[in-house]
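Hi,

Here is the structure I promised to pass on.

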Amino acid sequence: MEEPELSSSSPLAKASRAYKSAKQRVDAVDKENFTYSYSVIEGDGFAGIVESISYHIKIVAAPEGGSICKNRSIYTTKGNAQVSEEEIKASKERASGMFKAIEAYLLANPDA
């Protein structure tokens, strides 16, 4: 999957190229309802404009069999900083690419 391009002047675009680490916090795990929530609370990819990003993931049964992964992201910015729709879209596409790579690996290696 080709990574979407952001404006080179975008603070998040610049930071994502140099992204090396992140500190995450598990907020909730509900095994019975197949939900998982976590937050990224520190990282060099925040570009000084994002305070945290919370992710809420829920796995639901698909009508034709299998499952669907639903993901909601909440960006908390510092002060009056704004994260553009372009930056959010690019972040979603990178996350989707990573999810698809993990899914492909697990399908090819069911005992992993």
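Below is what I found, starting with the ground rules and the overall layout.

The model is predicted, so to speak of local features I ask for pLDDT of at least 70, and side-chain atom pairs count only at pLDDT 80 or more, while totals for chains, interfaces and linings use all residues. Residues are numbered from 1 along each chain as its sequence is written, and side-chain values use heavy atoms, with hydrogens and water left out.

**Layout**

The chain holds two helices and four strands, and from the N terminus on they run α-β-β-β-β-α. Helices (H or I, at least four residues) and strands (E, at least two) are DSSP runs, numbered from the N terminus. Of the 112 residues in the chain, 21% are buried, where buried means under 20% relative accessible area, exposed over 50%, and partly exposed in between (1.4 Å probe, protein chains only). Taking contacts between residues at least 6 apart in sequence, 35% join residues at least 24 apart; contact here means heavy atoms within 4.5 Å.

**The sheet**

The four strands make an open sheet in the order β1-β2-β3-β4, with antiparallel pairing. Two strands pair if DSSP finds at least two bridges between them. At the edges sit β1 (22-30) and β4 (67-77), each of which pairs on one side only. On average, neighbouring strands are turned by 15° against each other, direction ignored. For that angle, axes are lines fitted to C-alpha atoms (for helices over the stretch in contact), and angles run from 0 to 180 degrees between N-to-C directions.

Going pair by pair, β1 and β2 run antiparallel and are joined by eight bridges. In this pairing V29 stands opposite Y36 in β2, V26 faces Y38, and Q24 faces V40. Next along, β2 and β3 are also antiparallel, with six bridges, and T35 stands opposite K58 in β3. The hairpin of β2 and β3 has six residues between the strands, and A47 takes a positive phi near 55° there.

**F34, one to click on**

The β1-β2 hairpin has four residues between its strands, with F34 in the turn. Phi of F34 is near 55°, a positive value in a residue other than glycine. Is F34 buried or exposed? At 55% relative accessibility, F34 counts as exposed. Even so, F34 touches I57, K58 and I59, not counting residues up to four places away in sequence. The C-alpha atoms of F34 and V60 are 7.5 Å apart, although 26 residues separate the two along the chain.

**Aromatics**

Rings of Phe, Tyr and Trp (its six-membered ring) pair if their centres lie within 6.5 Å; planes under 30 degrees apart count as stacked, over 60 as edge-to-face and the rest as tilted. By this rule there are two aromatic pairs. Why is the pair of Y38 and Y55 stacked? The ring centres of Y38 and Y55 are 4.9 Å apart and the planes are at 25°, so the pair counts as stacked. This pair links distant parts of the chain, with Y38 in strand β2 (residues 35-43) and Y55 in strand β3 (residues 50-61), 17 residues apart. Both Y38 and Y55 are buried. Together with Y36, they form one aromatic cluster.

**Core and final helix**

Which residues make up the largest nonpolar core? There are nine: Y38, V40, F46, I49, V50, I53, Y55, V83 and I88. Strands β2 and β3 each supply at least two residues of this core, and β3 gives the most, with three. By definition, a nonpolar core is a set of buried Ala, Val, Leu, Ile, Met, Phe, Trp, Tyr and Cys residues joined through side-chain atoms within 4.5 Å. In soluble globular proteins, nonpolar side chains tend to be buried together.

Helix α2 (residues 85-108) has 24 residues and reaches 34 Å from its first C-alpha to its last, close to the 34 Å expected at 1.5 Å a residue. That expected span is 1.5 Å times one less than the number of residues. The buried residues of α2 are E87, I88, A90 and S91, and I88 is also listed in the core above.

Cheers
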